[in-house]
Amino acid sequence: MLAVLDLAGSDARTTEDIFTGVSQSMPLGRVFGGQVLAQAIVAAERTLPDERIVHSMHGYFLRPGDSAKGITFAVDRIHDGRSFSTRRTQAFQDGVPIFSMIASFQDEDPGVDHQADMPAGIPGPDELPDIESHLKGLHPMSKRLFTDRPIDLRHVPGPIYLAADDTRRPHQAVWVKVRRPITDDPAVHRAALAYLSDLTIQESILRAHGLSWATPGLKVASLDHAMWWHRFGRADEWMLYAQESPSARGGRGLATGRIYSAEGTLLASVAQEIMVRTPADGGGRPA
């Protein structure tokens, strides 16, 4: 994860700043969405002073990326004001965009301060089984989808990788963190938070309809992603990702999430809309 977030600069210049990156190897060959949005944040930050940090991003996943190929990031310096800057970043493969994002950055300023409380009554990560305990009997190649991730996950209730949640609840909570300690650089932790924000958020939609990731014929693809960084937190310490789905209709589902530190500090808010199709509603149609 750290290697793919360390983008290379380029001597090539248009009216935009150009950076290049690589992808993590993925068993199914598709670029993980959280990776490319985190890389887009890193690329945009490279055009700004360290004290001007990201506070929001809105992006669209345009095409599936190939994890065997490099990615080119083009950053447009849309605006630089006294306190805020705006950047547009597009990720390209084979000359066409696969992801497009606009992000806003701000100097640290004093102001009003409040937050929504962290959900109560949720077991801590040490009280929950690790991800490997839910994968018994799975083919080794399928296990790689989960065990090769740089992120540790603990679901509340259990995950829906292999079996559905019969309660059909449109919400869940997931403890998340980077598996090993990483640098103290706040920019890396912000990018890592973006990376992990794309993990599991879709599942509140699936739970609401009694679906699991193993449901035959299920097709899921992220359409867009929005994120707001509220406060700094370390991505290599346990965080609670509280997720819910307020609506699904027309082959699309909306999921929202709040990421809290283990102590209850609200670090970030997330929203994502996905395409979700099953054989019963025409799951064979292309996105």
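**View A. Thr215 is a partly exposed residue of the model.** The relative accessibility of Thr215 is 21%, where buried denotes under 20% relative accessible area, exposed over 50%, and partly exposed the range in between (1.4 Å probe, protein chains only). The model is a predicted one, in which local features need pLDDT of at least 70 and side-chain atom pairs count only at pLDDT 80 or more, whereas totals for chains, interfaces and linings use all residues. Residues are numbered from 1 along each chain as its sequence is written, and side-chain values use heavy atoms, with hydrogens and water left out. Thr215 belongs to the loop between α5 (203–208) and β9; helices (H or I, at least four residues) and strands (E, at least two) are DSSP runs, numbered from the N terminus. Leu162 is 53 residues away from Thr215 in sequence, yet the C-alpha atoms of Thr215 and Leu162 are 8.0 Å apart in space.

**View B. Twelve strands form an open, antiparallel sheet.** The strand order is β1-β2-β4-β5-β6-β3-β9-β12-β11-β10-β8-β7, two strands being paired if DSSP finds at least two bridges between them. At the edges stand β1 (8–9) and β7 (151–156); each has a single partner strand, so one side of each lacks a neighbour in the sheet. In a regular strand, side chains alternate between the two faces of the sheet.

**View C. Helices α2 and α4 each lie across several strands.** Helix α2, comprising residues 33–45, lies across β2 (17–21), β3, β4 (71–80), β5 (84–93), β6 and β9. The angle between α2 and β6 is about 50°; axes are lines fitted to C-alpha atoms, for helices over the stretch in contact, and angles run from 0 to 180 degrees between N-to-C directions. Helix α4 lies across β3, β7, β8 (171–178), β9, β10, β11 and β12 (266–277). Relative to β9, α4 runs at about 150°.

**View D. Strand β10 pairs with both β11 and β8.** Strands β10 (residues 239–249) and β11 (residues 252–261) run antiparallel and are joined by nine bridges. Within this pairing, Gln243 has Gly257 of β11 as its bridge partner, and Ala248 is partnered by Gly253 of β11. The two strands form a hairpin with two residues between them, and Gly250 in the turn has a positive phi of about 65°. The pairing of β8 with β10 is also antiparallel and extends over six bridges; here His171 stands opposite Glu244 in β10.

View E. Apart from neighbours within four places in sequence, Ser23 is in contact (heavy atoms within 4.5 Å) with Val4, Val31, Gln35, Ser67, Lys69 and Ile71. From Ser23 to His171, the C-alpha to C-alpha distance is 31 Å and the sequence separation is 148 residues.

View F. Beyond neighbours within four places in sequence, Ser56 is in contact with Ile102, Ala103, Ser104, Met227, Trp228 and Trp229.

**View G. The second largest pocket is lined by 25 residues.** A pocket is an open set of points on a 1 Å grid over the protein atoms alone, where a 1.4 Å probe fits and protein lies on both sides within 12 Å along at least five of seven lines; lining residues have an atom within 4 Å of a point. Nearest the centre of the second largest pocket lie Gln106, Glu108, Trp229, His230 and Arg231. The elements that give two or more residues to its lining are β3 (52–61), β6 (96–107), α4 (186–197) and β9 (219–229). Helix α4 supplies the largest share of the lining, with four residues.

**View H. Loops of the model hold a cis peptide bond and positive phi values.** Most residues other than glycine have a negative phi, and most peptide bonds are trans. The peptide bond from Val156 to Pro157 is cis, with omega near -5°; Pro157 is located in the loop between β7 and β8. The loop between β7 and β8 also holds Arg168, a residue other than glycine whose phi is positive, near 55°. In the loop between β5 and β6, Asp94 has a positive phi of about 55° although it is not a glycine. Asp94 is exposed, its relative accessible area being 62%.
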